[in-house]
Amino acid sequence: MELRGITKRFPGVVANHDIDITVRRGTVHALVGENGAGKSTLMKILYGMQKPDEGTITIDGEQVAFHDPGDAIARGIGMVHQHFMLADNLTVLENVVLGSEKLYGIGGRARAKINEISDAYGLGVRPDVLVEDLGVADRQRVEILKVLFRGARTLILDEPTAVLVPQEVDALFDNLRELKAEGLTVIFISHKLGEVLSVADEITVIRRGTTVGSADPATTTPKQLAELMVGSELPSPETRESTVTDVPMLTVDGLHLSETDLEGIERVVLDRISFTIHKGEVLGIAGVEGNGQAELVEAIMGILPPDAGRIGLDGDEITQLPTRRRREGGIGYIPEDRHRHGLLLEAPLWENRILGHVTERPNSKGGFLDPAAARRDTERIVREYDVRTPGIEVTAASLSGGNQQKLIVGREMSHRPKLLIAAHPTRGVDVGAQAQIWDQIREARREGLAVLLISADLDELIGLSDTLRVMYRGRLVADADPATITPEELGSAMTGAAAGHLEHEDGDTGHGGEDR
Amino acid sequence: MKKIDKERVLLAIAAPVLALVAAFVITALVLLATGKEPFGAFGTMFDYGFKSDSQVEIINKATTYYIAGIAVAVGFRMNLFNIGVEGQYRLGAFFAAAVGGAVSLPGFLQIPLIIVVAMTVGAMWAGIAGVLKTSRGVSEVIATIMLNAIALSIVGYLLKDGRLGHLDEAGTSVSTTPLPSSGHLFNFDMGEDVGQIYGFVVLAVIIGVGYWFVLGRTRFGFDLRSVGLSESAATASGVSVKRMVVTSMLISGGLAGLTGLPLLLNDTHAYGADLFPAGIGFTGISVALLGRNNPVGVALAALLWGFLERGSGRLEFEGYDKEIVGVMQGVIVLSVVIAYEVVRRYGLKRQQQKVGEELAAQARTKKEVTA
C-alpha cells in the first residue's frame, strides 16, 4: 500500500499535507506523531471516512479512491477503533456477524468461521460469551476478529494499547505477530514509543501534518524516535529530589460508597478508602479503569456524596462542603474527561477560563462577572502555558486536545491550588505538551502543592509520584515505592494478582512496613 | 481573528433569515396549491401591517409575546423546556386581577402589588415542575404540560359568578372585579385614529435589559449558562444543578406570570376568559426559538409575530384563509429549528478549520524563521 502526496484541509488543527507512506505487505507498520499531528485524519482517509483533497492511494499497484468505509472494507482494509464499538448485551458471535449477516449467515457457519479465525491467529475468542462479561483485552480481540471476519487483509489499530495493562499489551503484540506471520498487514498508531519499537517492523513519523521521516526499530531508541516526533529533546516524567513534607494536606478516612444498579444489586464502588497526601507530595493511584478511581475523584470533589467517611483539606473538614466551596478552598481539578467535565466546548476560551472559578478573581467582583479581567487573564494563560490558538474568542471545541488540556492546566494552576486532583492529565496529549504539564506539576509540587495523580500511563505514574497506591475493585489493595517498582510489577497488581506492599524482586527489603 | 468574529455575526443572522425565506416560499407553495395567488396575500399583509394603527397594535401584541418569549428563553438557556408558560401566565394574570380588583391602594402601591402577585403565582406554578424534576426526576416538559391543563381548570372553576367572577350587565360574560383606576397603567397616546401603546412596553424593555445583564454579566448568569452548555461540566465546576433547575424555573415562571399584565393593566383591567387569548405561552416558545434566546432577537421575533397576526386579520377580507398565517408561523418555527442546527454545526466546523489553518500558517512562518 502506498500513499503519495496526501493533502487534506480538514476541520481539525493541522492540515495534512504531502504525506508519503509506503506500507509493505506482511509487516507491522507503526505511525507515530504528536496528537493533532494528523495521524487520525490520515487513518480516516485510509479507511474511507474522509476524502483527501490531493494525493493518491495505491493498493497492490492499483490506484483506488474510497468514498466510504464500505469501499475500504471491500479492498480488505479494516479498522479497530480506540473506543470499542460492541453491543454489551449481545454475544460475541452476534456482535461479529452484526451488519455482515450476508457473509456467513448468523448460525453454525458463522460460528465455524469465527472459531477458524480465532484459532488461526491465536485470538482465543469464544463465540457464545456475552460481551458484557468480557474484559477490555478480550473485547479488543473481538474487535480485531470482527475486522478479520469481514475479510480484512490490512488492519488499522488506533491506539490499541491505551486501555491495556502491560501483560495484555504483550498478549496483543503476540496476536499482531501471528497476523503478520499469516501475511496480513497491520498499521499501528501509538503514542507509546517503547511499544512501537518492540512490535513494529517499520516506523513512520508524522509531525505538523506531514511525514518527517521513518525509523528502523532495530537501530532506534525511544529517545531518538521521540526527538524525531517533536523535533526537540524528549522530557522524562522523573521527579528528581523529594519535596515531601510531613504536613498533611488531604486526608481521606474510611471513604465508602456503594451503588445500586438497575437490577437492584448493590455494588461497592469505594471500599473504606483511607490515605493522606502531604504538602509537596504526589500520590499516584494505579489501576485498570473502572475500579473506582473516577468515583474517588468525584467524592473528593464533592460531586458524588459518599455513604461514609471523612475528607479533610489542610486541617479543615470538607466532607459536607459543596463542590464550589471545595474549589474555593484550594482544590484544583484536571478532570479525566475534559470534554464532559472540564470545558464548555461551545463557549469561547475566556469563558472557559471562568468555568469552575466563577466566584474568584479575576473572573468576578462581588456577584458580577469581570469579562475584561477574565479576558486579560486568559491571554496570559494562553501565553504562559503555550496554548496554540489564534485568539481567546474561538470556541474551546476548535482547539486540539493537547491545547485544551493546557488551557485547563493553566486555569487550575492560576488559582494556586493547595491540592491538585489530576486524572489522566496527559491523556491524548502530545509529547511536547506532556512535558510541559509534568513540569508544571513538578514546579507546583516544589512550592508545597499536594497532588492526587490518577493515570493509566504507568511510566507517568512511576515517574511523577512520591507514593504509589494500587486500586482494585474499589479498594486500595497495594502500595509501592516508585523508586524501585517496574511497570510490569505494578501492572500485575492492577489485575488483582498482588496485594500489600509491592517489592521489586531484586530490590532491598528495607521499604516494607509503610503505614496503611 | 476579526474575520472569525464577523463571520460569527453573519452566521447568527443567517439562520433566522434562511428560516424566514424558507417559510415564505413554503407558504407561497401552499397558497398556490389552494389555487390562490400568493403575492397578493403577502402584499395585503405588508400594506396593512405598516399602517400606523396596525403598528401600535403590533407593538402591543409584541410586548406580551416578548415577555412570554423571555420567560421561555430563561429556561432554554439552561436546556429546560418550560412549556407551561401558558398556564403560568393565565394563573398569574387571573390572581393578579382578582387581588387587584379586591383592594384599592394608591397607584404606586396598587400596580407593584399586582405585579408581585402575578410573578409570585407564576413562579410558584412553575416551581412545582422544578421541584418535581429535581426530587422525582419528572421531565419538566411533561410536568408543565400537565400543569397547563390544571391551571386552566383552576381558573375556569374560580371564574364563576359568585366565586371570584362577576357576570357583566349584559349577562353574557364573566370576569373578575375590575381594577380600581389606581391599578391602571399609563399608555402612550399616539393620536385619535392610531391608538395607544401600552405603558407596559417600558417594563418589557427593562425585562430585556435585565435578562441580558443577569445572564451575561453576573455569576449567577454564568452558572445558568454553563448548565445549559454542559451539565456535567457545570457540576464539576461547582454549580448545584438541582438548585439551578428550581431557581431558573422560578424565574421563568415569574416572568411568565407577567405576560398577561400588559393586557390587564393597560387594556382590559379585569380578567375574563374571552379577554385573554389562549396560546400566548406557546407563542412565547416560538418567539424564543426564533429570537435565539437573545434579548434583541426575541424582541424582533415578537414584533414579527405581532405583524403576522395583525396581517392575518386582514387576509379574510381579501378572500384568503387567515389560517395561512398559522401555516406560516408553524413553518417558520420548524425552519428555524432546522436552520439553527445546520448553521451551528457549520459554524463550529468552520471555526475549527479556521483555527487549524491559522495555526498551520503560524507554524509555517515559524519554521521559515528558524530555517
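Visitor: Tyr271(B) and Phe276(B), buried or exposed?

Guide: Both Tyr271(B) and Phe276(B) are buried (buried is under 20% relative accessible area, exposed over 50%, partly exposed in between, with a 1.4 Å probe and protein chains only). This is a predicted model, where local features need pLDDT of at least 70 and side-chain atom pairs count only at pLDDT 80 or more, while totals for chains, interfaces and linings use all residues. Residues are numbered from 1 along each chain as its sequence is written, chains are lettered from A in the order in which they are written, and side-chain values use heavy atoms, with hydrogens and water left out.

Visitor: How are the rings of Tyr271(B) and Phe276(B) placed?

Guide: Their centres are 4.7 Å apart and their planes at 25°, so the pair is stacked. Rings of Phe, Tyr and Trp (its six-membered ring) pair if their centres lie within 6.5 Å; planes under 30 degrees apart are stacked, over 60 edge-to-face, the rest tilted.

Visitor: Which residues do ring pairs link into a cluster?

Guide: Phe94(B), Phe95(B), Tyr271(B) and Phe276(B).

Visitor: Switching to the interface. How many residues does each chain put into the contact?

Guide: Chain A gives 41 residues and chain B gives 34, contact being heavy atoms within 4.5 Å.

Visitor: How many salt bridges across it?

Guide: Three between chain A and chain B, a salt bridge being a side-chain nitrogen of Lys or Arg within 4 Å of a carboxyl oxygen of Asp or Glu.

Visitor: What does Arg225(B) form a salt bridge with?

Guide: Glu351(A), with the closest N and O atoms 3.0 Å apart.
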